[in-house]
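Here is a short briefing on one protein model. Look through the structure first, then read the points by topic.

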Amino acid sequence: ISSLAHCAERGKITLVDELTALKEQGLLRNLRVTCAPAPPWLDIEGKKVINFSSNDYLGFSQHPSLVEAAADALKTYGAGSTASRLVCGSLEVYHALEAEIARIKKTEAALTFANGYATAMGIIPAIVRQGDTVIIDKLAHACLIDAARLSGATLRVYPHNDLRKLARLLEKAQGRTLIVTESVFSMDGDLAPLREICELKKSAGALLLVDEAHAMGVLGENGFGLAHELGLQKDIDFQMGTFGKALGSAGGYLAATQDWIDLFINKARSFIYSTAPPPSQAAASLAALRLLQSEEGQSRRNTLIEHMKEFDRQTPIIPIILGENETALSLSQTLLESGFLVPAIRFPTVPRGTARLRLTLSAMHSHENIQRVKTLIHLHS
């Protein structure tokens with residue numbers, strides 16, 4: 001960073017210096033006011049656009065069953081849970097939600113958190129500590145990397161989906177060893193080789209955490225995830241996920257054996273020291289799981305799958321890698337002016353030199369929406 005390095009040489013780096021450096025690199029972000037969501041439509045700063053950036057893959061966020069469940073919970077429980085789960089905030093709706101997740105994931109128990117980030121930050125440091133080893137895919141989500149660092153365990157990173165490197169790292173691992181991967185990678189939309197990873201973890205006697213954030217609701221029978229699709233749920237020690245993407249609500253979860261869940265209740269600091277999420281959030285999430293398994297839920301998933309086929313993809317995440325930050329920003333702005341919201345994704349969310357548009361599909365998009373945005377991207381990229 002030229003300007004920042006110059007300031008550092010002088011021994012003075014100000015807040016303005018940092019902001020200027022980000023702007024020079026095309027990395028400065030800002031918040032845009034959005035309102036009136038009606039998937040796939042969104043009002044952004046007064047302009048009505050078709051949203052190709054949301055993780056609401058099935059359009060559940062505005063579904064009447066989720067809205068009604070949240071409203072009923074507000075009337076029953078009030079706006080807040082009033083305390084952490086271990087004090088007096090462990091309302092029955094959380095237990096019902098956790099029981100349903102455990103049933104779906106074919107585990108003995110499950111535990112829910114305020115969001116996916118809090119899930120990772122509580123769980124991984126409870127599994128491993130100094131003297132142990134975490135082996136993680138290079139493209140794993142930031143929450144997983146941050147949690148691994150927080151744990152104090154030795155952190156080893158293998159190139160994306162590189163099974164040979166993973167095997168070599170397992171041979172050298174010390175202490176309790178935890179492999180961490182996503183099943184669907186959030187910025188590339190590709191799949192982890194879960195079957196092969198499970199075999200490696202068995203041979204090494206390691207533990208495996210799989211984040212199904214972008215697979216839940218999309219892959220597998222009834223949208224139960226990639227592990228379910230491959231019949232691997234019994235081979236994965238920790239199944240992590242979120243209600244804030246295809247399920248249209250908010251919150252995170254971890255499904256595992258009862259013993260592990262008991263340990264997390266006593267050691268996961270983001271669970272212990274946080275007020276429980278609003279009960280309306282849990283109620284909406286439970287409604288989303290039920291909707292997912294309904295005829296309507298299956299119909300929406302079938303529509304999403306048909307949209308994915310138009311891009312010859314297995315997931316609804318379509319990366320359009322452009323390389324330079326300014327190129328990605330320029331194309332994103334061109335699309336916005338044409339009525340499509342497709343944000344530019346840049347470092348540190350993705351590696352340097354891989355700036356991209358991250359186009360995401362929804363069951364609420366029409367074939368015409370998709371063809372129009374494809375044509376515009378082809379013309380301008």
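A salt bridge is a side-chain nitrogen of Lys or Arg within 4 Å of a carboxyl oxygen of Asp or Glu. The side chains of Arg103 and Glu100 form one, with 2.8 Å from N to O. This is a predicted model: local features need pLDDT of at least 70, side-chain atom pairs count only at pLDDT 80 or more, and totals for chains, interfaces and linings use all residues. Residues are numbered from 1 along each chain as its sequence is written, and side-chain values use heavy atoms, with hydrogens and water left out.

**Terms used throughout**

- Helices (H or I, at least four residues) and strands (E, at least two) are DSSP runs, numbered from the N terminus.
- Buried means under 20% relative accessible area, exposed means over 50%, and partly exposed is in between (1.4 Å probe, protein chains only).
- Accessible areas come from the Shrake-Rupley method with a 1.4 Å probe; for residues, only the protein chains shown count as cover.

**Salt bridges**

- How many salt bridges does a search of the whole structure find? The search finds nine.
- Arg103 and Glu100 are three residues apart in helix α5 (residues 92-105), so about one helical turn separates them.
- Arg103 is partly exposed, at 48% relative accessible area.
- Glu199 is partly exposed, with 44% relative accessible area. Lys202 is partly exposed as well, at 43%.
- Asp237 and Lys201 pair up at 2.9 Å, N to O. Asp237 lies in the loop between α10 (226-229) and β9 (238-242), and Lys201 lies in helix α9, so this pair ties together parts that are 36 residues apart in sequence.
- Are Asp237 and Lys201 buried or exposed? Both are buried.
- Glu199, Lys202 and Asp235 belong to one network, joined by salt bridges that share partners.

**Surface patches**

- Patches are made of residues with over 30% relative accessible area and no salt bridge; like charges are joined within 9 Å, and nonpolar side chains (Val, Leu, Ile, Met, Phe, Trp, Tyr) within 5 Å.
- For charges, Lys and Arg count as positive and Asp and Glu as negative, while His and the chain ends are not counted. The place of a charge is taken as NZ of Lys, CZ of Arg, CG of Asp or CD of Glu.
- Which residues form a positive patch? They are Arg156, Arg164, Arg168 and Lys172.
- Helix α8 (residues 163-172) gives the largest share of this positive patch, three residues.
- Arg156 lies in strand β6 (residues 154-158). Arg156 counts as partly exposed because its relative accessibility is 41%.
- A nonpolar surface patch is formed by Leu15, Leu19, Leu22 and Leu28, with about 350 Å² of accessible area together.
- Leu19 belongs to helix α2 (residues 15-24). Leu19 is partly exposed, at 42% relative accessible area.

**Cysteines**

- A disulfide is a covalent bond between the sulfur atoms of two cysteines. Here a disulfide is counted when a pair of cysteine sulfur atoms is within 2.5 Å.
- How many disulfides does the structure hold? It holds zero.
- Cys143 is buried, at 3% relative accessibility. Cys198 is buried too, at 1%.

- Most residues other than glycine have a negative phi, and most peptide bonds are trans.
- A cis peptide bond joins Pro39 and Pro40, with omega about 10°. Pro40 sits in the loop between β1 (34-38) and β2 (41-44).
- Phe347 and Pro348 are also joined by a cis peptide bond, with omega about 10°. Pro348 is in the loop between β13 (344-345) and β14 (355-360).
- Thr82 is not a glycine, yet has a positive phi of about 80°. Thr82 lies in the loop between α3 (64-77) and α4 (85-89), and is exposed at 66% relative accessible area.
- Lys106, also not a glycine, has a positive phi of about 60°. Lys106 is in the loop between α5 and β4 (109-113), and counts as partly exposed at 46%.
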